[in-house]
Amino acid sequence: MTAKASSDGLMEEIVGLCKRRGFIFPSSEIYGGYNGFYDYGPLGVELRNNIKQAWWRDMVQRRDDIEGLDSTIIMHPDIWKASGHVDGFSDPMVDCRESKLRYRADQLFFAPVIVAGETIGYVSVVECPEQQEIAEKAAADIKRKAAKQGTLEPIVLKDYTESMPEEYDLVPSPATGKPGSLTAPREFKLMFETKVGPLADDSAVAYLRPETAQGIFANYKNIVDTGRVKIPFGIAQIGKAFRNEITPRNFIFRSREFEQMEIEYFISPSADWKALHREWIDTCIDWLVSIGLPRESITEDIHPEDKLAFYSQATTDLMFQFPHGEQELWGVACRGDYDLKQHQEHSGKSMTIFDEASKEKYVPHVIEPSLGVDRTLLAVLTAAYTIDEVPNDKGKVEQRTLLKFSPKIAPVKAAIFPLLKNKPELVERAQALYKKLQRRWNVFYDASGAIGRRYRRQDEIGTPFGITIDFDTIEKDGTVTLRDRDTCEQRRVTEDELIQFLEEQIDG
Ligand code: GAP
C-alpha cells in the first residue's frame, strides 16, 4: 500500500523531514529565522546541485544550440532601467492598519454577501485551495448573525486589485475579521537595492538582480561576437535571484533569495514562433518527467491574451500540484524582440545579428523558459514523499516514510553496509567497495544498527540502492546484495554488474 499524506499535512511533513534529516533549515535559525530565506543542509545541497547539474547537462552540454553563461548578480543599474524593472517590477500590496500585516493584493480575495438582492456585508480570505469554501462559510455566518431572511446569492470572489474605492472600508481584514482597516492597493517595489562604491548618494544605487535573464541579454552581443552561434540558438544561465516578496510563503516555493535556471532562445522574427514555443513546452515537460515528476502532476496554464504584458506574444506556465495547491513551476514565454531592442536603445549598441541562412540582418526574437531551482526542489520532494507499509526484519508489517527520488538526482546514490560491524572481513570488504564507489558518486557507509533500521534510514532520505556485504560475498562468489528502495526487492549481483547497473541508473 502506498499513500501520500493528506495535502493539508503534507507540507508540514515535508518541512519536518527536511529539517530532521538535514535538507533545508530556516536561515539564521539561531536568531529566530529570517522570513523568506532558507539554508540548504548536507542533503539539500546535494539534491540542489544534482538538479542544477541535470538541467545543465540536458539543456546545455547535450545540445549543440545552447551556450552557457555566468554573469554577475549586481550589474550596471541602467540594465534594470532598460528592462523596465526599475519602473515596473512591483506587486500590488495592501496593509491592515490595525494588525500591521501586509498582503499581496492579488492574493487577497473578497466578495459582497448579498441576501435577497441586498448587500449585507463582505467576506475576505487569503488565497488558498479552500478559499471558496471558507468564504461561503463566512458569508453564511454573516447572514445568520444579521438574521436576514431570503436566499444568499452565490459568493463570487475577486482579488483585491479589482476592488473599488468605495469598497476599501467595507472589506474585512483577514487578520481581524473587521472592516475599515485595509488600505487601498499600492505598488510595492520588489527589487532589493544596494549601494556600490564609496559614495552613499543616489548615484551609487544598484540592484540585486531579480532574474538571471537580463545578464543573458546584456551578454548576448559578446556571445554572438565570440562564439560560433547561428540562429536559432540559446544562452543558458543558472544563478541566484533576489526579490523582496511581500508575502514569502509556502516554504521554499516563494522566497526572497532563490535560484533560477533560465534560457533565452533566440529565433528569427519570421520563424514559426508558435511551433517553437510548443517545442520548448514539450522539452520542459519531458525534462521534469526525466527527473522524476509524474507526467499527470504537470499541467499547462496558457495566459489569456488580454493578461499578457504588452511586449509578450504568449506565455504558458507549467503548473505542478504542490502541497498548497496547483501553482506555477516553469514559465515559458515568447518575449518577441522587446528586451534586445530595449538594450539596443539604452546602450546605443547594435543587437542585430547576420543570419547566414537567410542572408538577413535583424534583432532576433526570443523564447524564454524560466525555472526556479528551489521550486523544482519542492516539486521533487512533493512527488517523492511517500508513506507505505513493508515487513520489518521479523516479518511484521510496519509503516515507513520514504523519498522516491530518481537515482539521477538523489542526494545519496547508494548506501554500503557490512552485514555485521564486528566482523573485520565484512567491514574491510564493505569499506573497499565504499571507497571505490565514492570516487564516482556520493555514496554512504553505515555499519551501525540492525540492517532493517539501516535500510529505513536510507529510505527516508531517498537513497535508491542499498548494497550489503555478507558472508556469501567473502566466502562464496563475491556477489553483493542489491536492494531496491521502492520495492524492497533484493538480488545478488557481481561487482561488475553492480557498477554497470549504477552507471545506467544514475548517469544514463
Ligand atoms: N525571466 C522571467 C522570470 O523571471 P518569473 O515567472 O518571474 O519569470 C521564473 O520567474 C521562475 O522563477 C518561476 O516560474 C519560479 O519557478 C521561479 N521564481 C520566481 N519567483 C520566485 C520566488 N520568489 N521564489 C522561488 N522561486 C521563484
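Which residues are closest to the ligand, and how many surround it? Before I answer, a reminder to myself that this is a predicted model.

**Ligand shell.** I count 18 residues around the ligand, and the closest are E211, R243, E245, E262 and E328. Sorting the shell by class, I get eight charged residues, five polar and five nonpolar.

R243 puts a polar side-chain atom 2.8 Å from an oxygen atom of the ligand. For E245, an N or O atom of the side chain sits 2.8 Å from a ligand nitrogen atom. S255 takes part through its backbone: a polar atom there is 2.8 Å from a nitrogen atom of the ligand.

How much of the ligand does the protein bury? On its own the ligand exposes 550 Å², and 88% of that is buried by the protein.

**Where the shell comes from.** I then asked which elements give two or more residues to the shell. They are β14 (257-267), β17 (325-336) and β20 (365-372). The largest share is from β20, with four residues.

**Helix pair.** Next I looked at α2 (residues 42-61) and α9 (residues 373-384). Their axes come within 10 Å and cross at roughly 110 degrees. Angles of 65 to 115 degrees count as roughly perpendicular, so I log α2 and α9 as roughly perpendicular to each other.

Which residues meet there? From α2 I have G44, L47, R48, I51 and K52, and they meet V373, D374, T376, L377, V380 and L381 of α9. By class, the contact of α2 with α9 has six nonpolar residues, three charged and two polar.

**Backbone checks.** I looked at two loops here. The peptide bond joining I231 and P232 is cis, with omega at about -5 degrees. I find P232 in the loop between α6 (213-226) and β13 (233-242).

The other entry is K359, which is not a glycine but has a positive phi of about 60 degrees. Where is K359? It lies in the loop between β18 (353-355) and β19 (360-362).

Terms used
Residues numbered from 1 in each chain as written. Predicted model: local features only at pLDDT ≥ 70, side-chain atom pairs only at ≥ 80, totals over all residues. Heavy atoms only, no water. Near = heavy atom within 4 Å. Polar contact = N/O pair within 3.5 Å; in protein donor to acceptor, adjacent residues only side chain to side chain. Areas by Shrake-Rupley, 256 points an atom, 1.4 Å probe, with all protein chains shown as cover. Nonpolar A, V, L, I, M, F, W, Y, C, P; charged D, E, K, R; others polar. Axes fitted to C-alpha atoms, helices over the stretch in contact; angles between N-to-C directions. Parallel < 35°, antiparallel > 145°, perpendicular 65-115°, else oblique. Contact = heavy atoms within 4.5 Å.
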